[in-house]
Amino acid sequence: MKEEKHQQKRDTTLIQLLVLFGACFTIGIVIFKIVGLQETQNDLSFEQASLIQEQTYLEQQIKALQNSLTQPSFLEVRMSVNKKQHKQKIHSAEHKHVEIQKPTVDKKEYEYLELPNKLKVLLIRDPETKLTQAALNVNAGSWHEPDEFPGLAHFLEHMLFQGSHTYPETSYFEQLVAKGGGYTNAYTEGTRTNYYFTIDTSRTSEALNVFAHFFIDPLLSQEMVQKEANAVNSEYEINVAGDGWKILHLMSLMSDPKHPMSRFTIGNLQSLLKPHVVEALKKFHQQYYSSNQMALVIKSSQPIEMMKEFIESSEFLKIPNLGIEKPSLAHFGLPIKDVAKLVKYHINTRATTPLQFINSIVRSRHDGGLYNYLVSKNLIVDMDAQPFLGNNGCFQFYLIEVELSETLIGQQKDYALQIGQAIISYFEEQIHKFYDEEQNPTDFLEETYKTKKAMSDVQFKFLEKDIDIFKLSHNLNTFPPKYVLNAETSYFKYDPQCIYNYLADLMNPNNMLIMVGDDGYKLVQEEIENEELKASFLSFQQPSTLLLQQNAEVSDADFITQSELQFSNDLYHIQYDVKPMEKDSLDFMMIENVPLNLPSINHYVPVNLAFKSLCDQQHISYIQSVDSDTLYDRKNRQNIFIESTHKMPFYFTSKKECKEHEFEYEQYNHFPQLIKKDIEGKTWWRLDRSYSPTVYAGMNFETAVDMKSLKKVALLQVFNSYVSNNLYKSLQQSFEAGYELSFDSSMKGLSLEMYGWSDKFEYFYKNVLREIKKEISDEDLLNRVKLSQITELSNTFEQKLFIQATSVILPTIIQGQPTPSQMIDEINSVTKDELAEFQKEMLENFRFTTYFTGNILRDEVQSLQNQIPKIFDESTSHIRIQNHVSQVSDLSRKSIVYSLVSKSTNQLDTNGVTLNYYQIGYRDQKQLAMMNLLYKILHNAAYAYLRTQLQLGYVVSVKFKPVGCLDSAQILVQGTAKPPYVVNQHIEEFLINYGRELKEMTDQQFEELKTTTISGLKEVEKNLKDKAKNTWSHIKNNDLAFEEKDIAAQYIGMVTKQDLFSFYDKVFTSGKLSLQVYGQGMITQTMGISVDNLANKVKSNSLSKEQTFAVRDEVTVSTSDDFKQRITSNYNCNYKISNI
């Protein structure tokens, strides 16, 4: 009877199944891939070997960039260099020039050098940046720390920010960076640690010197140990229970106890607050933080020679060179000795996210591929594949992750083995198609490889997006400097034997670890009599031998379907069970009876990558500047560009004249033009050839359908997911070739964003629209879509509390958005006929707004627009569009404390989150200027006080964020130290104290703040997509303030200190909502009360306090039942505003 009830419950759950294939290699010219106890050896090509062998640098001069931009005048601020302090200079014989491989469109200059202490340095000059970035990577991480202090490397990462003997003031570096309008961060991995920051260029010299002393003479004081240990513990408490971490935790538990992968690496109070921890920190720093195992990257607008002059006499020369070799873990061997295992474990959610992709072969959703086969057999809902735990220098796992539903798999007890069989068959199919019977490569393999290499080469050649500074420092410390930009993305020499060996390993079931996660699995609670069993429960270490022997007597299929778990680990908050796979299961997975096919050759790969010319069109007389009334359909707007260029016409009398001046037209017309406006819709266009030969298109289909009912909202959401699934299936090849698509929905209708190479863009565009128009007919797809959405909604309250508060609870309260439970009921009731009728209604009743930019001409845009009525077969000229208005609760002069208990199934969660929302109101330009001035300094001050000083939580942030058409200030704290109602009081105390500090700001400090903020606003987008998305956000939200940043910068120049003080006071004495979410463990353990008594506790401790913080007309402590009664008016929004 108990089993029947359990089975009934689990019919609505989703299981996560993970299949991991292990492969191990050691750093060197030769890769050793070890599977189980077998080793295979491969010779690498010269190009591949050069990425992992000892660094040998090419002696070539970097070519001068002919098109470098002129250095802006404000960059004349020089880094101060104390030449007397450092007499060391780089010897010319040691300074070998390395030509960095970079994209064709990359305008930056690169210079590699090595300091006398063997510190590797990469200098980057970016003439368009207004900020300096720096990152330093160390070849030392959690897997090198001593066994007696788990988490020590991560703890050291935190402690280095707390001062040095040269700069002993706590948080001095973070405050310096904050004053420079920047930010700091760091992360620790198994084999490396990375530190990085951004700051205004004028403060670069001091910031770099302070940064250098992290690695020279850190304080590591006992005084800061307790505070930073609390910070590390908060990070542990926030992350440890999340399902995303459980895979890592299980891998640790499955690993050989002697292997460093078995270690607990985050750290908590128990592992760090031990005697002699300060000595351990100092020893670890002295043992591993050697300059010859470090790589520094600096990116700035300053000339290369100026940066070299600084770095050659900088504090970085003082970092000691211990002459150590790069720490190796090769002697530990494989972390999991016997891989062929089944593991099952309890999860809180019913699926895992996010899904990622590893390569086009495995991830492809073409007909006959692995994904479509598993879906057609009702075995999976979704699938992903990716490298896993491979960034360690010794071994690599390959992970395939699937979501599956018992509702779909029914009574298939051996579903895990069926999935394993299909995966192995797919790797075997690749061997069959890529190699003949004598293992010689086929033409199909070479053609497939060349196609993928061509795509990779093109994407790198026109790579626009900057690589993160911390990633560059990692690459510089891992690969030869020549490949610092493309080491991990480019295809090198074709090596079919190496490909064959990997495929042969991957299709071996003895190299497979299958992990099944389900919220229906439960820990056995029966009394344990056997002493060995009892020890396994109480010690929370490795699984007992006796229990493993008992599991071996159960068949693999029964083991997975039985709900009992026998092992638990308190450190990782996880319950699980494990058994070796049977020989019959391994044999079953090797049976070749799965019909699978590989994807065909990709026809989306671009061929013509030339930039288009305005002058090649038949009609060129339209090239002219336009007045603001034509450009902007908005009253009382004055455009800066039009104001300065309206007297500069562009009428050309000949093609020759056009060729001579067309780029002037593009330079001056840097805002989009409204080239079509009629009853059918609006079309905006801007030619932009300053980046790669790509095109961006944003499209809004504004519906006449009234979307106010919950049913319509559910239909819109299901339609969005249904169409998205079809799009990503049918257009898989386009995504592999570098095209991108975002398909979304809102109360106004559908929204599309397309981006890709101009060469095949028309083909891509038409196929997207045809897929949207395609008839709703696939019942199985509809069921999978509904199940996936219901699962995602069901998992809402298993997310971290701060994500719940910001993304779900606040919009529900303030904007009246449907709750997850309401949406689940409506989505579950959607039928195929209802969805088909909804699609018809949507696509027969819309008007469009579109924006095209990039390497596309006006005539081409008009041609693409003409496709819309052809594809959708309907004229929209008779449609009357609804005035879609959303509402935001008016909190004017109110202070409301809104408390609730987390709905998570994790009853031990001791976290609490406080989100204080301060409503500002409709945006104007002066308000925008004030928010830009305040947000960075306010965030850094709040972080220093609430996180560093009071230790209230690991997650602390201050943001100015729009909610609908209104601006707001939002202060967020999540932690375990204090209940949210206490944290709320500390936030208000901070605001009062910081208000006083703000008024004590000197004139010089205020001017520096204004200069820094203006520099940030003038930072230009680095690629077409980011630039276009910013413009499109204004167009689609009916907020045509394209010049918003420029005007904000102008306003900042005119702002006085009194203006800033008045704005600050206005914001934090206006309408306020303190949203407080309590984890169940926070209530029962930290607060020591029952859940039922929470409301009274909050009310008794909040009401009188709230009345003292700011003078407001109404102060209340509210719940969901009476909140609506407190709101007597709403703001109406028919547009949205953008983030600052």
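**A cavity and a buried threonine**

Guide: Welcome! The largest cavity holds about 100 Å³ of space. This is a predicted model, where local features need pLDDT of at least 70, side-chain atom pairs count only at pLDDT 80 or more, and totals for chains, interfaces and linings use all residues. Residues are numbered from 1 along each chain as its sequence is written, and side-chain values use heavy atoms, leaving out hydrogens and water.

Visitor: What makes a space a cavity?

Guide: On a 1 Å grid over the protein atoms alone, a cavity is a set of points where a 1.4 Å probe fits but cannot get out. Its volume is the space filled by probe spheres set on the points, which are joined across faces, edges and corners.

Visitor: Which residues line the largest cavity and lie closest to its centre?

Guide: Lining residues have an atom within 4 Å of a point. There are 11 of them, and T448, K452, S600, I601 and N602 are the closest to the centre.

Visitor: Why is T694 called buried?

Guide: Buried means under 20% relative accessible area (1.4 Å probe, protein chains only). T694 has 2%, so T694 is buried.

Visitor: How do you know that T694 and Y755 make a polar contact?

Guide: A polar contact is a pair of N or O atoms within 3.5 Å; within protein, one must be able to donate a hydrogen and the other to accept it, and residues adjacent in sequence count only if both atoms are side-chain atoms. The side chains of T694 and Y755 are joined by such a contact at 3.4 Å.

Key
On a 1 Å grid over the protein atoms alone, a cavity is a set of points where a 1.4 Å probe fits but cannot get out, and a pocket is an open set with protein on both sides within 12 Å along at least five of seven lines; lining residues have an atom within 4 Å of a point. Buried means under 20% relative accessible area, exposed over 50%, partly exposed in between (1.4 Å probe, protein chains only).
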